[in-house]
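Keep the sequence and the 3D view open side by side.

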Amino acid sequence: MAKASATIYVCQKCGNQSRKWLGKCPDCGEWNSFVEERARVAAKKEGARGAGGGGFRLREVEPVAYSAIESQDDTRVASGIEEFDRVLGGGIVPGSLILIGGDPGIGKSTLLLQVADKLSAGGSTVLYISGEESERQIKLRGERLSVEAENLYLLPETNLENIFHEIERMTPGTVIVDSIQTVFSGNIESAPGSVSQVREVAGQFLLLAKNRGIPVFLIGHVTKEGSIAGPKALEHIVDTVLYFEGERHHNHRIVRATKNRFGAANEVGVFEMTGTGLVAVANPSEVFLAERPKGASGSIVTACMEGTRPVLLEIQALVSGSKYGTGRRMAQGFDVNRLALLIAMMEKRLGFHLMGDDVFVNIAGGLEVDEPAADLGVVAAIASSFKNLPIDSHTAVFGEVGLTGEVRGALQAQTRAREAQSLGFKKIIMPASNTTGLERLLGLRVVGVRSVEEALDELF
Ligand code: TYD
Ligand code: MG
């Protein structure tokens, strides 16, 4: 027998452990985050590695020659929802553990019920484990989504050992867990949703996925207070992490792969929440530009890359006199520190007096942009609002801006320019270093610039 249970204190934000209670976590700096937890009740018998000894014995493993391993890429399973497949890197990889995080009410259960429906229609048995809603509630939602799913089974259960018992019995083709925070293992004495529980449960599902080759989807709520262990604590365990972006008040839902062992990270899928569930948006640029005001100052279109796909977005800026001595800088969908830096550059290099002004920047449509190629758009939007001069609505820009006001090249310049062309833009202002090969884009005038000054001259 191994050691009996011992009390430990675990930070609910980062999972740091300590023998005694601490007011502040030395690792992540969070206050009051330590909660008393108990380690395993007792060591289990040898060989009984799975939950409740559910028979998931680790095989005896031997090294395998690299050349002898067969490539598996053709075994991906299409989920039947194209946007979802795109985020996953081209379909569901058998045996992968996929975490889907997002704020409560954003649409995680809806999306996975739709995925379950499509998979089930394809002949695969899907087990949907729900710790949050009863079968009737799920059925009610399913009716709105017109889910018919003959091979979909619902299991309202939260005990991990019981769940594994059931999986053992029915051997489903896909498992969906809604949500990881509600499932608990009897082998651990801490409350459901605590860091230890969530990790243990995820670890067991990982074993299941790998040993059986079943794809497992884990839904995880993102919580701000950190009282319930969020998906952050699991990111290193799972193969793929998908996050829902966008706000509940917007109709658009962006699903982004922040980590993917089987595909490009940062890939996005764009959906619209309708009365009958999530509907894939085929051309995101059109949607993001649909409500753009024409002839208003402070608005400009920029070409961004979201994963492998170009997306045109509207950047809005508002510069207004501050009531206080120093202006505030606020940004939605854009890094506020980056904004401060760009404003400082505009003051020093371009002679804009923004010190006493409030500057607000917003990426329309609820998307978050974190690539430097959006810099030029932000600078142009601020300049447009400051001068109160609108920018021609058929002009798009992109480019990274350096501290001396130089415009630097961006990745995938061709793809961006072509997207602008296909949406009927007449002019694109972009880094001069990127313009080679773009001289002949039909109907689109490509203007290469070396500095922000040149770009602003071209715009106004
Ligand atoms: P849900 O999938 O339950 O969110 P989560 O599982 O992430 O907590 O989504 C709930 C929201 O979606 C709710 O506010 C209602 C809305 N919704 C629709 O607008 N249309 C629909 O067809 C469905 C099923 C939900
Ligand atoms: Mg839900």
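Start at S179, which sits in the loop between β7 and α5. A cis peptide bond links D178 to S179, with omega about -5°.

Some ground rules come next. This is a predicted model, in which local features need pLDDT of at least 70, side-chain atom pairs count only at pLDDT 80 or more, and totals for chains, interfaces and linings use all residues. Residues are numbered from 1 along each chain as its sequence is written, chains are lettered from A and ligands numbered from 1 in the order in which they are written, and side-chain values use heavy atoms, with hydrogens and water left out.

Contact means heavy atoms within 4.5 Å. E133 itself lies in the loop between β5 and α3. Is E133 buried or exposed? Its relative accessibility is 17%, so E133 counts as buried. The classes are buried under 20% relative accessible area, exposed over 50%, and partly exposed in between, using a 1.4 Å probe and protein chains only. The side chain of E133 also makes a polar contact with the side chain of R141, at 2.9 Å. A polar contact is a pair of N or O atoms within 3.5 Å; within protein, one must be able to donate a hydrogen and the other to accept it, and residues adjacent in sequence count only if both atoms are side-chain atoms. E133 and E157 are 24 residues apart in sequence, and their C-alpha atoms are 9.9 Å apart.

R141 takes us to the ligand. Among the 16 residues around ligand 1, those that come nearest are G105, S109, T110, R141 and T274. A residue is near a molecule or strand if one of its heavy atoms lies within 4 Å of it. A polar backbone atom of G105 is 2.7 Å from an oxygen atom of ligand 1. A backbone N or O atom of G107 lies 3.0 Å from a ligand oxygen atom. On the side-chain part, an N or O atom of R144 is 3.2 Å from a nitrogen atom of ligand 1. Alone, ligand 1 exposes 560 Å², and the protein buries 76% of that. Accessible areas come from the Shrake-Rupley method with a 1.4 Å probe; for residues, only the protein chains shown count as cover.

Which elements supply at least two residues each of this shell? They are α2 (108-121), α3 (135-144) and β11 (268-274). α2 gives the most, with 3 residues.

Now turn to α4, residues 160-170. Its buried residues are L160, E161, I163, F164, E166, I167 and M170. They pack against β5 (126-130), β6 (152-155), β7 (174-178) and α5 (195-212). N159 caps the N-terminal end of α4, with a side-chain oxygen 2.8 Å from the backbone nitrogen of E161. Just after the helix, T171 takes a positive phi of about 35°.

The sheets follow. Strands of a sheet pair through backbone hydrogen bonds, either parallel or antiparallel. Two strands pair if DSSP finds at least two bridges between them. Three strands form an open, antiparallel sheet in the order β2-β1-β3. β2 (17-18) and β3 (34-38) stand at the edges with a single partner strand each, so one side of each has no neighbour in the sheet. β1 (residues 7-11) joins β3 through 5 bridges, and I8 has E37 as its bridge partner in β3.

β16 (residues 357-363) is mostly covered, with 5 of its 7 residues buried. β14 (residues 309-321) runs antiparallel to β16 over 7 bridges, with S320 opposite D358. β15 (residues 329-332) pairs with β16 in the parallel sense over 4 bridges, and A331 stands opposite V361.

Last, look at N32, in the loop between β2 and β3. N32 is not a glycine, yet its phi is positive, about 55°. It is exposed, with a relative accessible area of 61%.
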